[in-house]
Every structure is written in structure tokens, then in C-alpha cells.
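Please look at the sequence and the structure shown below, and keep both in view while reading the report that follows.

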Amino acid sequence: MLVLAASAASASDLQEQARELFEPVPSTIPALRDNPVTPEKIDLGKALFFDPRMSASGVFSCNSCHNLATGGDDNMPVSIGHGWQKGPRNSPTVLNAVFNIAQFWDGRAEDLAAQAKGPVQAGVEMANTPENVIATLNSMPQYVEWFTASFPEEADPVSFDNFAKAIEAYEATLITPAPFDAYLNGDEAALSEDQKEGLALFIDKGCASCHNGVNLGGNGYYPFGLIEKPGADVLPPDDMGRFAVTETADDSYVFRASPLRNIELTAPYFHSGVVWDLKAAVQIMGDSQLGADITEDEADKIVAFLRALTGEMPEVVYPILPVETAATPRPTGEVLP
């Protein structure tokens, strides 16, 4: 009886410790700054998210690199964009991205609306311009109606800012409650014994010092290679991370801590996208960030815990997009220098 009591106390202590470090996903859509979320805006944002005509070529949509069928990313080392050019970094998942402190690996976009504008204009991604996006949208009466319904108080609702706000509203719905959330909410049986042992190791080894909060990461910036820099393939020397944003020496090779929800679905890992095995990624982080020798058995248990972060996807029905007209700008595959 004493053994059983001690075991129950230990389990309760772990659950309480977890509640102090992590938060469950909310049961409602998070509120957005200066962007009230409405059903009309969500539907508009969904159409824009899936519409490849928002790219210059008419080939790439937001969903191309943040595929909702494959964990919210494209499962490639780096994304392929306009003219089949390769992007510089691995594509982060869009799932639960609303909980991140900022967007992109270097945090250069303050929110999802700011992030939505970036790939549209990036020459290696969608290679479009705000002017051409607006011309495309205004050429289709259905889009004009949807923008008017989504932003009813505005005289000219079809704007690049509203384009981004609508996508932000849709992406805010892409949250995935997982077994770990049930555990945080009191259901101790939601995790297996291996997952609980992995959770205890995740906390005791120090992983939770960077990967905490609702998204188990995404809420702070840290040097990659805090204890020991990984090899140049994992940490390319020409990508200095947040330094490119702040131009501050202390931000050299600093990146936003990767959110860990749905991590088993989003290989390959790290901003360089060169590590395909989750267990290997855990061991690299142990060496480089913690200076901890994580054994094979410990890594297996931590991975078991990380799988408890794989959540339930919201139902996604592919939208029927507005019909083009004679005024719709024609696609181009021209690659500009």
C-alpha cells in the first residue's frame, strides 16, 4: 500500500509539474490583435490559403509549403518555389502557429498576418506583388463579395492588409488538441507509462527550459549550439539566424525555439532540414543545447512523449474557388534576378 501511495504521489507530482511548464490548447479560437475573427473572414482566408493564383505562376499556394495533409508543412528539407527555386530554410508547420511569439525561424514577422505577406512577395516562393494580388482578387466578383462580407465597415475592403488578415483568421483555426492536453486537463490515463517517463526526462534533462508553454516552444529565441555547435550540415555557417533581423552580434546563430506539437509529422528537422529521424534530433539537441548524454533508452522515451503531442486535425474540406475572368492577370513563370 505504501508503494502504491508513493507511486500515486509521484504521478500527481509529475502532472502538477507539467501544468506549471505547459498549457493546454484552448477550446476556442484564440483572439487576434486588431483582427476580429468571424465565420466570413475564416472562409475567405481558407480560400486564399488554398488559391495558387495568389502566386505569380499560378502554381503555388500557402498550402504548397504548409500542407494541411502532411502536418502543416511540406516534409522537404527546404521548400520549392517559383521557377523551382529552393528556399533557404525548412518550412515550419502552420498548425498551432497562432501560439508562437512571432513567425519564421528568425521571428521577423510579428504575427500570422505579417507572415502571410512574406512568401507572396518572396522571389523564391510565390514571387508576386501586392498590386498583382489585388488586381487578381478584384478581377473575380466572388472574391469582392467575400471581402465585402468579411470587412463590412471598410469602403475598399479588397486590400493587401485584409488579404493577410483573412489568412491569419483562417490559420488561427488550425489548432490540434492532443493526448497531452487531456493529460494537462487531469486525465492521467491519456499518456502511456513510456510517455510519462519521457515527459519526466523531457523536464529533468532541461528540454522544457526552451520548449514550454502552449506550443512547447515558439515562445523564445536561443542560440543553436549553446553548449556545442553541431556540424555545418545541421547548422550552416552562412545562415546566422536572428542576426539578419536585429544585426546584433549576440543574435548570431540564434533561432526561435521550434514548437513541438505534431513534431512526429514534420520531418525533416531544424531550420536546415537535414535530420529526418526524430530520435536523432532529440540526441543532437541533448548534445548541442544541454550538454547531456541522452541514452538510447532515454531518447526512445522522450520520442514516445513527443508523440503524445500529435493532435487531432480540424476537418479540412477543399474550398471551391472563385472563377477567373478575362480581367484576371495571366500567370508567369519568369524568374527575376
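## A buried asparagine

In this predicted model, Asn 63 has a relative accessibility of 13%, and because the cut-off for a buried residue is under 20%, Asn 63 counts as buried. Asn 63 belongs to helix α3, which runs over residues 62-65.

When the neighbours within four places in sequence are left aside, Asn 63 is in contact with Phe 49, Phe 50 and Leu 68.

## The buried side of helix α5

Helix α5 spans residues 130-138, and its buried residues are Pro 130, Val 133, Ile 134, Thr 136 and Leu 137. These residues lie on the same side of α5, because the arc that they cover around the axis is only 160 degrees.

## How α4 meets α7

Two packed helices are described by the angle between their axes and by the distance between those axes. For α4 and α7, the axes come within 8 Å and cross at roughly 115 degrees, and the crossing is right-handed.

On the α4 side, the residues that meet α7 are Leu 112, Ala 113, Gln 115, Ala 116, Lys 117, Val 120 and Gln 121, while the α7 side contributes Phe 160, Asp 161, Phe 163, Ala 164, Lys 165, Ile 167, Glu 168 and Glu 171. Sorted by kind, the residues of this contact between α4 and α7 comprise eight nonpolar, two polar and five charged.

How values were computed:
Residues numbered from 1 in each chain as written. Predicted model: local features only at pLDDT ≥ 70, side-chain atom pairs only at ≥ 80, totals over all residues. Heavy atoms only, no water. Helix = DSSP H or I, 4+ residues; strand = E, 2+ residues; numbered from the N terminus. Buried < 20%, exposed > 50% of the residue type's maximum accessible area, 1.4 Å probe, protein only. Contact = heavy atoms within 4.5 Å. Arc of directions from axis to C-beta. Axes fitted to C-alpha atoms, helices over the stretch in contact; angles between N-to-C directions. Left-handed = near helix turned anticlockwise from the far one by under 90°. Nonpolar A, V, L, I, M, F, W, Y, C, P; charged D, E, K, R; others polar.
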